[in-house]
Amino acid sequence: MTMTNRWMISAAAAALIASPLAAQGNIESVCASFSKSEVGGRCAAVAQAVDAAQPQLGILLAGGNPTLGTASTGGVRLGILPRVSLTGRVNVVGARLPDIRDVRTSGGEVQTDEFSVPAPAVGANVSVGLTQGFSVAPMIGGFGAIDLLGSVTVLPLSLAGDDFGDNAYSWGAGARVGLVRESFVTPGVSLSLMYRDLGDVRFGEVCEGTEVVTSGNQSTCAAGGDFGELGFGLTNWSGRLAASKRLLGLGATLGVGYDQFDTDANFAFRAPGLGGTEQIYRFNDVTVDNDRWSAFLDLSYTVLVGSLVGEVGWMQGADAIAGFPSTSDFDPDQGTFFGSIGARLSL
């Protein structure tokens, strides 16, 4: 075979591999062009990490109750100033992902361990009574009351190690509608909706040195690096239906939640390339959409206008994406536990 023919065959093979990578799509199908090859297994492992990380980070921001320790709307006090509730909280999620920092191949099957870490977030919430609603009977009021909700959160990712990027920040806004305000004879019941936005987070680094683009979305790296990397921000619509009751300073809140998470993610992975050289494959602006149900329980202790609150919750899992190696220790169908501790001041 002449040198020219070898060059033409190599160029054609590179084009066949690179051309599918140029079209970015949904996380569920983006690795389909690799079929069941080892490259496809590696792609699916990192794509699964993206798909699993997104809702877990989302519930870390949102938590369960948007106002820890109560589901009752604040109403409007007599006079000019509305009722205000301020909450400082620390959220924690037992995050689980396929460990994209390392990969093994056994019998042609890609294998990854499960990476787990308790991920924290520090935040503050505020609720401001906008309308008091109306009473449907003596001692039963607050129907239709509206509170405005706001939140700010920081994810101290730098505390988790060098595999993560810089700290990420989130803001949120929304409203809560009272179905009934808590009184001596009735619990507080409310429905809330919040929108949140999180800046970019990342995990892993496939190239720790200079990366050289070879063709399309492929590149080479002379230095070492992780098996995979991911990076994304997210937006979240968070709905909560909750009921609360307090007796002699002790209170309990029980609620259910529904969250929609949206992301345009970037991810990359290492895999064997042409001529036995290791290649880096990159995907940009991949659409990731997830919906999750959750449930939560708050327990609180109140003295005058201050409350100490603890919360535990659980969020459902989801099926594995197409092509995710069944030999992985990570099971995406398992749910995620989350919790919060905080202090609330109601004025």
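E211 is partly exposed, at 28% relative accessibility, where partly exposed lies between buried (under 20% relative accessible area) and exposed (over 50%), with a 1.4 Å probe and protein chains only. R282 is likewise partly exposed, with a relative accessible area of 23%. The side chains of E211 and R282 meet in a salt bridge, 2.9 Å from N to O, a salt bridge being a side-chain nitrogen of Lys or Arg within 4 Å of a carboxyl oxygen of Asp or Glu. This pair links distant parts of the chain, 71 residues apart, with E211 in strand β8 (residues 211-215) and R282 in strand β12. Strands (E, at least two residues) and helices (H or I, at least four) are DSSP runs numbered from the N terminus.

The model is a predicted one, in which local features need pLDDT of at least 70 and side-chain atom pairs count only at pLDDT 80 or more, while totals for chains, interfaces and linings use all residues. Residues are numbered from 1 along each chain as its sequence is written, and side-chain values use heavy atoms, with hydrogens and water left out.

Side chains of opposite charge can pair when their charged atoms come close. The count here comes to 8 salt bridges. One of them joins D147 to R176, with the closest N and O atoms 2.9 Å apart. Here too distant parts of the chain are linked, since D147 sits in strand β5 (residues 146-155) and R176 in strand β6 (residues 168-180), 29 residues apart. D147 counts as buried at 1% relative accessibility, and R176 counts as buried at 2%. Another salt bridge pairs R270 with E278, the closest N and O atoms being 2.6 Å apart. In this pair R270 is buried, with a relative accessible area of 8%, whereas E278 is partly exposed, at 42%. Salt bridges that share partners also join E211, E229 and R282 into one network.

On a 1 Å grid over the protein atoms alone, a pocket is an open set of points with protein on both sides within 12 Å along at least five of seven lines, a cavity is a set of points where a 1.4 Å probe fits but cannot get out, and lining residues have an atom within 4 Å of a point. Volume is the space filled by probe spheres set on the points, which are joined across faces, edges and corners. The pocket is lined by 33 residues, of which T70, S72, T73, R246 and S346 lie nearest its centre. Strands that each supply at least two lining residues include β10 (228-247), β11 (250-272) and β12 (278-303). By class, this lining has 7 nonpolar, 18 polar and 8 charged residues; Ala, Val, Leu, Ile, Met, Phe, Trp, Tyr, Cys and Pro count as nonpolar, Asp, Glu, Lys and Arg as charged, and the others, Gly among them, as polar.

There are 4 cavities of 30 Å³ or more. The second largest cavity has a volume of about 110 Å³, and of its 15 lining residues A52, Q56, R292, G317 and P332 are closest to the centre. Helix α2 (residues 38-62) gives the largest share of this lining, 5 residues. The lining divides into 6 nonpolar, 6 polar and 3 charged residues.
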